[in-house]
Each structure stands twice: as structure tokens, then as C-alpha cells.
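Subject: Structure handover

Hello,

Here is the structure for your set. My notes on strands, sheets and helix packing follow below it.

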Amino acid sequence: MKVAAAQFAPTADAAANLAVIEEMTREAAESGAELVVFPEESMVPSDAAESGPVPLHELAANHWPAFIDGITRIASAYGIAVIAAGYEDSGTALPYNTIAAVDASGEILGLYRKMHLYDAFHYKESRKVQRGDTGPVVVRIGDFNVGLVNCYDVRFPEFIRSLVEMGADLLSVSAAWVKGPLKEDHWTTLLRTRAIENTCWVVASSLTTPDCIGMSMAVDPLGVVRAALGEEERSMLVVNADKDRIDQARTVLPVLRNRRIIIGPR
């Protein structure tokens, strides 16, 4: 299955962001991709609320319904599955940071509300976002079971392993990976590590806003970077994620079968 990762820099204009998503989805479909992955905050960046007159929970209430309607319409119009993220109204002063997965017919396959909030590196996401409690989430797209991962989640191997135990053989990572000392190295290392230790595909997309790194990437089940972008403000990669590579990796590196300690639910 051909999978695209699209990176761009959303602004406070949610309608304009949706227009970019549509244009890049069309480009992905024209390239033959069956799935396109967009970054965290594709709907509107949280900075728009911090620098504007409308608080984030109101932005979520105002724009989330149109965002969902938009990506379902776009997926159906171009015959391609779409994974994209935005802020969903929770009914409280703190919205959810939610990834939506939509199939090529426009049907919503699943919603994943971010479970691991980015309270690290002198940042406090929990002050403005409600932690989700309905994950992890795996959806079926084409021949793949796709695990939905939101940015900071990738730092938690037990979360990723839970997706793999649910059958995920491709991890879709939507991120707003913030710049900073060693952060680019962490991004690359973590994506490759999650692929290697779980012998699965990883396709990751990150924002290219001024505070984020871009560097979207596709990694195969043996940790080989098959495609990667740099800091380009708007760009896309397409990779052929094949099941044979998973079979090969899990034959020569049967780590999932060789486990001796399996951590289950508490």
C-alpha cells in the first residue's frame, strides 16, 4: 500500500488549513497513495488561541465539526483514506487533542483522543487540553491495521506495544514536534526504535510551523528510513509500505515471539 505523509504549517485560519489539506490529499491520491497522514494540529495550531481573542475550547467548538465534515468529504472526493488531527470539543474548558481516521469512502473509522499530554521540556499541554481515556485505537485501512499515535505518545514504548498487540502493523504518527536541543535526534531515534522493536512500518508527519521541526519520515520494519523530508514548509513523501517486508522482518527478527515478559493491564 502506498502511504503519504504530508507536512505543512497551519495558521489560525481553519478554513484555509482545510483547503491545504484538500490540495495535498489530491496530490497524494494522484501519486497513487491509498492513505495520507497529516500532522497534529492540522485543523488549527494551539498557538492561534494563545495569541488570539478566542480560547482554544471555543476554537474547538467552532471548528471541529467543520473539520470532520471536511476531511470526510475530501477522503470521499479523492478516494483516499485520510488521517488528520485537531481539537475536539469536550464540553469543558479543555478540549481533546484528537486524531481522526477516515476511509476512502468518507466513513470515520476511529477517533483517538491523545492520552499522553506533553508535560515536558518546560511545556504543560495539560493546562489547555483534556487527556483522552478511550485509546489506544487501531483501524483497518487497505491491507494494514493502522495504529494511531499522537506526537508525545511515541516516547512511551508500552503504548506503542499495546497497539501492536491489538494487531497494528503500521503506526501513523501525527505530530507537532517542537524544536529544541537534541529534539531532532530524539524524533529520528524514537521513530526508528519503535519500528525496529515492533517490526512494523512507521509513517510520521510533523508540523512545519516556526516552532516545529517538520522532518516527516517513513521507516520500515527493520529500521531503514525509506523516505524523509527536511524543514520544507509544505512537502510530502510517498512510500510503498508492503506486507512482505513485515514478514521478512518478523522471520529474521522474531522479537514479538521471543518475549518472556508481557505486561498486561493493571
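Strand β3 (residues 81-88) and β4 run antiparallel and are joined by seven bridges. Across that pair, I83 stands opposite A101 in β4. Helices (H or I, at least four residues) and strands (E, at least two) are DSSP runs, numbered from the N terminus. Two strands count as paired if DSSP finds at least two bridges between them.

Two points on provenance. This is a predicted model, with residues numbered from 1 along each chain as its sequence is written. Local features need pLDDT of at least 70, side-chain atom pairs count only at pLDDT 80 or more, totals for chains, interfaces and linings use all residues, and side-chain values use heavy atoms, with hydrogens and water left out.

**First sheet**

β4 also has β5 (residues 108-113) as a partner: five bridges, antiparallel. V102 has I108 in β5 as its bridge partner. β4 and β5 make a hairpin with five residues between them. In the turn, G106 has a positive phi of about 95°.

How much of β4 is buried? Seven of its seven residues (96-102) are. Buried means under 20% relative accessible area, exposed over 50%, partly exposed in between (1.4 Å probe, protein chains only). In a regular strand the side chains alternate between the two faces of the sheet. In β4, Y96, T98, A100 and V102 point one way. N97, I99 and A101 point the other way, and all are buried.

The whole sheet is open, with six strands in the order β5-β4-β3-β2-β1-β12. Its pairing is mixed. β5 and β12 (235-240) are the edges, each with a single partner strand, so one side of each has no neighbour in the sheet. The twist averages 25° from one strand to the next. For angles, axes are lines fitted to C-alpha atoms, for helices over the stretch in contact, and values run from 0 to 180 degrees between N-to-C directions.

A parallel pair also sits in this order: β1 (residues 2-7) and β2 (residues 35-37), joined by three bridges. There, A5 stands opposite V37 in β2. Helix α3 packs on the sheet and touches β3, β4 and β5. Its direction makes about 170° with that of β3. Contact means heavy atoms within 4.5 Å.

**α1 and α3**

The axes of α1 (residues 14-30) and α3 (residues 56-78) come within 10 Å and cross at roughly 20°. That makes α1 roughly parallel to α3. The classes are: under 35 degrees roughly parallel, over 145 roughly antiparallel, 65 to 115 roughly perpendicular, the rest oblique. The crossing of α1 and α3 is right-handed. A crossing is right-handed if the near helix is turned clockwise from the far one by less than a right angle, and left-handed if anticlockwise.

From α1, the contact residues are A14, L18, I21, E22, T25, R26 and A29. They meet H63, A66, F67, G70, I71, R73, I74 and Y78 in α3. The residues of this contact divide into nine nonpolar, three polar and three charged. Nonpolar covers Ala, Val, Leu, Ile, Met, Phe, Trp, Tyr, Cys and Pro; charged covers Asp, Glu, Lys and Arg; the others, Gly among them, are polar.

β8 and β9 run parallel over six bridges. A175 has S206 in β9 as its bridge partner. Six of the six residues of β9 are buried, so β9 is largely enclosed by the rest of the structure. W201, V203 and S205 lie on one side, with V202, A204 and S206 on the other.

β6 and β7 (residues 144-150) pair antiparallel over four bridges. R140 has N145 in β7 as its bridge partner.

**α4 and α5**

These axes come within 11 Å and cross at roughly 45°. α4 and α5 are therefore oblique to each other. The crossing is right-handed. P157, I160, R161 and V164 of α4 meet R194, E197 and N198 of α5. The residues of this contact are three nonpolar, one polar and three charged.

Best wishes
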